[in-house]
Amino acid sequence: MPFAASSATATPSAKAAKVKKLTLIPLVFLIYFEVAGGPYGGEPAVKGAGPLLALLGYLIFPFIWGVPAALITAELTTAYPGNGGFVLWAERAFGPFWGSLMGTWKFLSVCINIASFPALCIQYVQKYFPVLCSGWPRQVAVIASTLALSLFNYTGLTIVGNVAVLLAVVSLCPFVLMSFIAIPKIKPHRWVSLGQKGVKKDWNTYFNTLFYNLNFWDNVSTLAGEVDKPNKTFPLALFVSVIFICVSYVIPLFAVIGAVSVDQSQWETGFHAQAAEIIGGKWLKVWIEVGAVLSTIGLYEAQLSSSAYQVLGMADIGILPKFFGVRSKWFHTPWLGIMSSTLISISVSYMDFTDIVSSANFMYGLGILLEFASFLWLRWKSPSIERPYRVPLRLPLLAVMCFIPSVLLVFIMVIATKTVYLVSGVMTVAGIGFFLFIKLCKTMKWVEFSVEEQKEIPFERPAL
């Protein structure tokens, strides 16, 4: 294999010198696309629970969910600044089994999640090309767009990060413009409406929409090895991203709710485009729809990058065979991670969009609960380990910080459908089976694994 020969002759320091690292601004926008990608897709929260609760949700949820997740990511990423992120944390806290299971949950949740983005992209495009509405033309379009977007990801993380900046600016501009145009038309009393009379609250839709649009804060941790000065860059990037993402949802939502009066049932995904036509005209609607396509591209690229580098990180610590850590000869990207993520996302793209969202949420929720446990245990087990960024709270308050979002996670998981339970259960069992198979491979020496082993960290009981 040509790559194996060339990589063998290059020293790690020589390779590192050739590869450009991510800087602050591209990292902020990669986090933006990991988590949100703009106000697109946030509309069903209004349909589920009415205007007031939707506004409160997007004002409060980022702080009771997003801030704890961002703080934990900042601390653990600076303490363990390698590719693999949350997989590395779980492995350091509880051992290889839990690291492997964490990897299964998070990897599959991202693959399920990114499967929805090409479909969303086609959903906007089909308004202008009706042939893509159904049948084999739609299926071919979804698969072709998935492959094309994955091929672009292969060109490298610095290129993806810089393009993310451009995509975000172009896709957010129409919302800024719409919010200004809407000001004279806003009627503030619409903001405090609990919804139309006789319309039952759909809590499943409400919470899943909030969670879906404000999760994956920790995904960027798998890119830690590709970031310039991660000890300083990560905390600042996460801080800026929390504020930026909250504002990007709330301002357009206040503008549209205040300026447009429609039946609550019309608040489906994509309603912002219809509202733009009411507020500013056809041209603004088209711009927002173009922005939606660009946003889905950014979402796909950012989350595929996270997934691919997670695979690389798992190979680095011996959870996956060493060959999963191979990089492209030309772009230094983890091409096998990109390819495996792409194939899985294509295989689940036939699922109903609601099932895709809910299954991704459930798998991600399992991983986050393990992540919270890993964070608390590492603080308890090894409090003196170097942490360039440290959440300024003692252990009891950290437990409270993790408890509140954990309650929300459990609630979302409890109200999941049978299909979601089935998908998540099968994937978890498959993950356990995969760990046992990998263990057998190591015992029988069928494939080569990284020689890096987990160093035992002595237990240090901290003062509470």
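1. Buried means under 20% relative accessible area, exposed over 50%, and partly exposed in between (1.4 Å probe, protein chains only). C441 has 5% relative accessibility, so C441 counts as buried. C402 is buried too, because its relative accessibility is 3%.

2. This is a predicted model: local features need pLDDT of at least 70, side-chain atom pairs count only at pLDDT 80 or more, and totals for chains, interfaces and linings use all residues. Residues are numbered from 1 along each chain as its sequence is written, and side-chain values use heavy atoms, leaving out hydrogens and water.

3. Now the cysteine pairs. A disulfide here is a pair of cysteine sulfur atoms within 2.5 Å. By this rule the count is zero.

4. Look next at helix α11 (residues 230-259) and helix α12 (residues 271-279). Helices are DSSP runs (H or I, at least four residues), numbered from the N terminus. The two pack at an angle of about 60°, with axes 11 Å apart. That makes α11 oblique to α12. Oblique covers what is left after roughly parallel (under 35 degrees), roughly antiparallel (over 145) and roughly perpendicular (65 to 115). Axes are lines fitted to C-alpha atoms over the stretch in contact, and angles run from 0 to 180 degrees between N-to-C directions.

5. Which residues of α11 and α12 meet? P252, L253, V256 and A259 in α11 meet F271, H272, A275 and I279 in α12. By class, this contact has seven nonpolar, one polar and no charged residues.

6. L177 lies in helix α9 (residues 157-182). L177 is partly exposed, because its relative accessible area is 33%. Beyond its neighbours within four places in sequence, L177 is in contact (heavy atoms within 4.5 Å) with W283 and W287.

Methods. Nonpolar A, V, L, I, M, F, W, Y, C, P; charged D, E, K, R; others polar.
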